[in-house]
Amino acid sequence: MTEESTQHGFDGALSDPADLSLGELELEERSSLRRVAGLSTELQDVTEVEYRQLRLERVVLVGVWTEGTALESDASLAELARLAETAGSEVLEGLVQRRDRPDPATYVGSGKVQEIADVVRATGADTVICDGELSPSQLQQLEARLKVKVIDRTALILDIFAQHARSREGKSQVELAQLQYLLPRLRGWGQTLSRQAGGRAGGANGGVGLRGPGETKLETDRRRIRAKISKLRKEITGMATVRDTKRGQRTANAVPSVAIAGYTNAGKSSLLNALTGAGVLVEDALFATLDATTRRTQTPEGHTYTLTDTVGFVRHLPHQLVEAFRSTLDEVADADLVLHVVDGADPMPEWQVNAVHEVLHEIGERRGRPMPPELIVVNKVDAATEFGLARLRHLLPGAVFVSAHAGTGIEALRERIADLLPRPDQEIDVLVPYSRGELVARVHREGEILSEEHTAAGTHLHAKVKPDLAGALEQFARTTV
């Protein structure tokens, strides 16, 4: 059980469901479905690996160090180990090979393949995970030589996303990404390559209307996957329309929006809970939450704005996921402010910052417009060292340092958000009759009061408001500045 989950009352005793938030209920459900090692009944034959659900148990990690320092290479493999553990597996061993570039045939080279095979036999591993995206030929060569299931970093991340997706939109997005990844990696063996048609009329293998070359099982699978991809894209487009409609309603009501982005497990959901009391799922795991959650909150002055928690990023985030989660990631591009959350306790936080900036840059290029202003929030300061925090203050000037778990710095963050949100810029001087009190309430809620006086004729307001509210108050104007 994680430190973050214990703060919500998970001390091993049964909790009253009525007292639990939605996120706490999801965490209890997820914890009750943990994989149990040693109970797998899967077939040992790995020839149909693409057609089976990925169920990782005892794994060996393999990486190729092509650039950077040895420390960066070790950190990359350590992150792969965390991904593997999040997917429900037990990491037995990790191997790194220094090369100028990955081997085009086997990713690591024939000599290293034999060494990996020896480690697999010695440890009893049933899966090898490579820290990179394997081509279909590399995947086939490695499985043929190692005699165990081989997957790459992309397949591992897709498996985690498939486990953690909760909403209909999230599940559809993950399924689309999985099918796009699977399509070029389909292959067949034995009878899967047999023809569906052929033979003499009336024969056992054919008949009227079934003569000719026919279609291989592989071709049939590809056709069905393409049809499913097309269907999923249409469904996700329809869901994106609903999301755009809701976003348009908030825009029409002049409600500023703030998007929370950042590296996976940096504490984005914890920060959303600390700022809004949303009660979303919090777990010390990579990609614990995938579905975008939007909540309303207020600045210290009482102005309303929305906070949206988005999907986490990671180094080399699969392009299939970036494409599939386009509508969710667009929440970041359409926001008025981006809270970029960084894990202050991470040994190499600059990696996190660079990985997030790469994805944000890709989103901005696709939208063809600059990204909104960014406020970097360094989270988990209660778990960071003084030296690490001093280094981050030097690397990230202007960042806000908080602990969503302990509540440190949250009020200072609220004030910084209020300072950076768009402010009303149209100055008005109006006398609103008491019968139109709802307009006065809107000015208090959405505008900035410069002076207010209650007279016999009504409420005299001198304020700054947005153009739509200024238009509604125009009939009561005394003077326009």
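This is a predicted model: local features need pLDDT of at least 70, side-chain atom pairs count only at pLDDT 80 or more; totals for chains, interfaces and linings use all residues.
# Reading strands, helices and contacts

Me: In what order do the strands of the open sheet lie?

Reply: The order across the open sheet is β6-β7-β5-β8-β9-β10, which makes 6 strands with mixed pairing. The edges are β6 (293-298) and β10 (400-401), each of which pairs on one side only.

Me: How many bridges join β5 to β7, and how many join β5 to β8?

Reply: Strand β7 (residues 304-309) is joined to β5 by 4 bridges, and the two run parallel. Strand β8 (residues 337-343) is also parallel to β5, with 5 bridges. On the β7 side, S257 has T306 as its bridge partner, and A259 stands opposite T308. On the β8 side, A259 stands opposite V338.

Me: Which residues point each way from β5?

Reply: In a regular strand the side chains alternate between the two faces of the sheet. In β5, S257, A259 and A261 point one way, while V258, I260 and G262 point the other way. All of these are buried, and β5 (residues 257-262) is accordingly described as mostly covered, with 6 of its 6 residues buried.

Me: Why is β7 largely enclosed by the rest of the structure?

Reply: It is largely enclosed because 6 of the 6 residues of β7 are buried. Both directions are represented: T304, T306 and T308 point one way from β7, and Y305, L307 and D309 point the other way, all of them buried.

Me: Against which elements do the buried residues of α3 pack?

Reply: The buried residues of α3 include S73, L77, L80 and L83. Their packing partners are the strands β1 (58-65), β2 (90-98) and β3 (127-130), together with the helices α6 (153-164) and α12 (349-367).

Me: Is P424 buried or exposed?

Reply: The cut-off for burial is a relative accessible area under 20%. P424 has 9%, so it is buried, and its place is the loop between α14 (410-420) and β11 (426-432). Leaving aside residues up to four places away in sequence, P424 touches E446, G447, E448, K464, V465 and K466. The C-alpha atoms of P424 and A470 are 9.9 Å apart, although 46 residues separate the two along the chain.

Me: Where do charged side chains lie over rings?

Reply: A charge over a ring requires NZ of Lys or CZ of Arg within 6 Å of the ring centre and within 35 degrees of the ring normal. R98 lies over the face of W65, 4.4 Å from the ring centre. The charged end of R393 sits over the ring of F401, at 4.5 Å from its centre. As for pairs of aromatic rings, the count is 0.

Me: How many helices and strands does the protein chain have, and what share of its residues is buried?

Reply: There are 16 helices and 14 strands, and buried residues make up 49% of the 481 residues. Of the contacts with a separation of 6 or more, 68% are between residues 24 or more positions apart. The chain exposes about 23,500 Å², of which carbon and sulfur atoms supply 51%.

Methods: Residues are numbered from 1 along each chain as its sequence is written. Side-chain values use heavy atoms; hydrogens and water are left out. Buried means under 20% relative accessible area, exposed over 50%, partly exposed in between (1.4 Å probe, protein chains only). Contact means heavy atoms within 4.5 Å. Accessible areas come from the Shrake-Rupley method with a 1.4 Å probe; for residues, only the protein chains shown count as cover. Rings of Phe, Tyr and Trp (its six-membered ring) pair if their centres lie within 6.5 Å; planes under 30 degrees apart count as stacked, over 60 as edge-to-face and the rest as tilted. Two strands pair if DSSP finds at least two bridges between them.
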